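Work through the exercises below with the sequence and the structure at hand. Each task is followed by a solution in steps.

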Amino acid sequence: MALKVKKVLISQPAPTTEKSPYYDIAEKYHMQLDFRPFIRVEGLDAKEFRQQRINIQDYTAVVFTAKTAIDHFFALCEEFRITMPETMKYFCISEAVALYLQKYIVYRKRKIFFSTTGKMDGLSTALAKHNKEKFIVPVSDVHTEDLTAVLDEKKINYTKAIMYRTVSNNITEEEILSYDMLVFFSPSGIVSLFKNAPHFKQDERAIGCFGASTAKAVRDAGLRLDCEAPLPGVPSMTAALESFIKENHKAK
């Protein structure tokens with residue numbers, strides 16, 4: 001790398017705590033780290049949701065794969081003035097997602113199941129046991145099919161309901177080009193990069209990313225990936241970033 005990295009754009013919201021390793025890296029290497037999400041999630045309103053001809057009240061169980069899905073599901077319920085019956089069954093991808101339900105329902109009185117693996121396959125047993133239920137699965141407009149592979153395998157009667165979408169945040173090409181390094185966390189971040197900077201040329205600019213699907217999107221876009229996590233020995237984005245910056249600054 002010929003370019004010494006002094007200014008980095010992290011395409012995520014800023015950490016909620018002062019104790020983030022990102023701030024430690026910025027201080028240690030005398031760098032500017034800016035947090036600017038390239039994308040944001042917005043919910044569909046009742047009018048848009050109606051076009052899918054799905055009636056939430058027809059279902060007896062719901063599968064939640066993220067906290068975002070919970071927020072948008074209950075937002076639509078509120079808009080339609082639907083109160084969840086006590087008999088509703090909730091299947092969640094992790095315990096953290098299940099506990100998040102407390103924001104909207106009385107937790108201890110409800111039938112709630114969660115995966116201990118943080119993946120859908122961890123719900124297999126619970127799904128098989130309750131395969132007579134009619135499931136609704138709130139999803140984003142962009143989602144992977146492996147989400148529903150377990151449901152298909154268990155021959156579950158389910159309907160995918162698009163309840164929220166990913167949209168690009170506006171950030172000018174000029175702003176993007178003022179950074180020595182860009183860090184991405186999802187394939188939609190790469191889509192947003194080219195939407196905001198159609199003539200983007202990487203040149204000596206470094207690109208970092210988190211997750212295999214993001215890495216694939218970076219390479220598919222013909223970009224050079226300089227810093228990647230998780231990899232053996234670098235479990236987090238901050239670990240990968242620090243090791244990259246250390247080498248980068250040493251090279252000068």
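**Exercise 1. Backbone angles in the loops**

Task: Find where His30 is located, and decide whether His30 is buried or exposed.

Solution. The model is a predicted one. Step 1: His30 lies in the loop that runs between α1 (21–28) and β2 (32–35). Step 2: the relative accessibility of His30 is 63%. The cut-off for exposed is over 50%, so His30 counts as exposed. Step 3: His30 is not a glycine, yet its phi is positive, about 50°. Most residues other than glycine have a negative phi.

Task: Carry out the steps for Arg53, starting with the loop that holds Arg53.

Solution. Step 1: Arg53 belongs to the loop between α2 (46–50) and β4. Step 2: Arg53 has a relative accessible area of 78% and is therefore exposed. Step 3: phi of Arg53 is positive, near 50°, and Arg53 is a residue other than glycine.

Task: State which kind of peptide bond joins Ala229 and Pro230.

Solution. Step 1: omega is about -10° for the bond between Ala229 and Pro230, and the bond is cis. Step 2: most peptide bonds are trans. Step 3: Pro230 is in the loop between β11 (227–229) and α10 (237–250).

**Exercise 2. Strand pairing**

Task: Determine the sense in which β8 pairs with β3 and with β7.

Solution. Step 1: β3 (residues 39–43) runs antiparallel to β8 (residues 157–168), and five bridges connect the two. In this pairing Ile39 is opposite Ser168 of β8. Step 2: β7 (residues 134–140) pairs with β8 in the parallel sense, over seven bridges. Here Val137 is opposite Lys160 of β8.

Task: Describe which way the residues of β4 point and which sense its pairing with β5 has.

Solution. Step 1: within β4 (residues 61–64), Ala61 and Val63 point one way, while Val62 and Phe64 point the other way. Step 2: all four of these residues are buried. Step 3: β4 pairs with β5 (residues 89–92) in the parallel sense over four bridges. Ala61 is opposite Lys89 of β5.

**Exercise 3. Aromatic rings**

Task: Classify the pair formed by Phe64 and Phe73.

Solution. Step 1: the whole structure contains twelve aromatic pairs. Step 2: in the pair of Phe64 and Phe73, the ring centres are 5.3 Å apart and the planes stand at 75°. The angle is over 60 degrees, so this pair is edge-to-face. Step 3: Phe73 also pairs with Phe74, edge-to-face, with 5.2 Å from centre to centre and 90° between the planes. Step 4: Phe64, Phe73 and Phe74 belong to one aromatic cluster with Tyr90 and Tyr104.

Task: Decide whether Phe64, Phe73 and Phe74 are buried or exposed.

Solution. Buried means a relative accessible area under 20%. Phe64 has 0% and is therefore buried. Phe73 has 0%, so Phe73 is buried. Phe74 has 9%, so Phe74 is buried as well.

Task: Find the ring over which Lys7 lies and the ring over which Lys134 sits.

Solution. Step 1: Lys7 lies over the face of Tyr179, 4.6 Å from the centre of the ring. Step 2: Lys134 has its charged end over the ring of Tyr59, at 5.0 Å from the centre.

**Exercise 4. The largest pocket**

Task: Give the volume of the largest pocket and name the residues closest to its centre.

Solution. Step 1: the volume is about 770 Å³. Step 2: 19 residues line this pocket, and those closest to its centre are Ser140, Val142, His143, Thr144 and Ser186. Step 3: two or more lining residues come from each of β3, β7, α6 (146–153), β8 and α8 (187–196). Step 4: the lining consists of nine nonpolar residues, nine polar residues and one charged residue.

Technical notes: Residues are numbered from 1 along each chain as its sequence is written. This is a predicted model: local features need pLDDT of at least 70, side-chain atom pairs count only at pLDDT 80 or more; totals for chains, interfaces and linings use all residues. Side-chain values use heavy atoms; hydrogens and water are left out. Two strands pair if DSSP finds at least two bridges between them. Rings of Phe, Tyr and Trp (its six-membered ring) pair if their centres lie within 6.5 Å; planes under 30 degrees apart count as stacked, over 60 as edge-to-face and the rest as tilted. Buried means under 20% relative accessible area, exposed over 50%, partly exposed in between (1.4 Å probe, protein chains only). A charge sits over a ring if NZ of Lys or CZ of Arg is within 6 Å of the ring centre and within 35 degrees of the ring normal. On a 1 Å grid over the protein atoms alone, a cavity is a set of points where a 1.4 Å probe fits but cannot get out, and a pocket is an open set with protein on both sides within 12 Å along at least five of seven lines; lining residues have an atom within 4 Å of a point. Grid points are joined across faces, edges and corners, and a volume is the space filled by probe spheres set on the points. Ala, Val, Leu, Ile, Met, Phe, Trp, Tyr, Cys and Pro count as nonpolar, Asp, Glu, Lys and Arg as charged, and the others, Gly among them, as polar.
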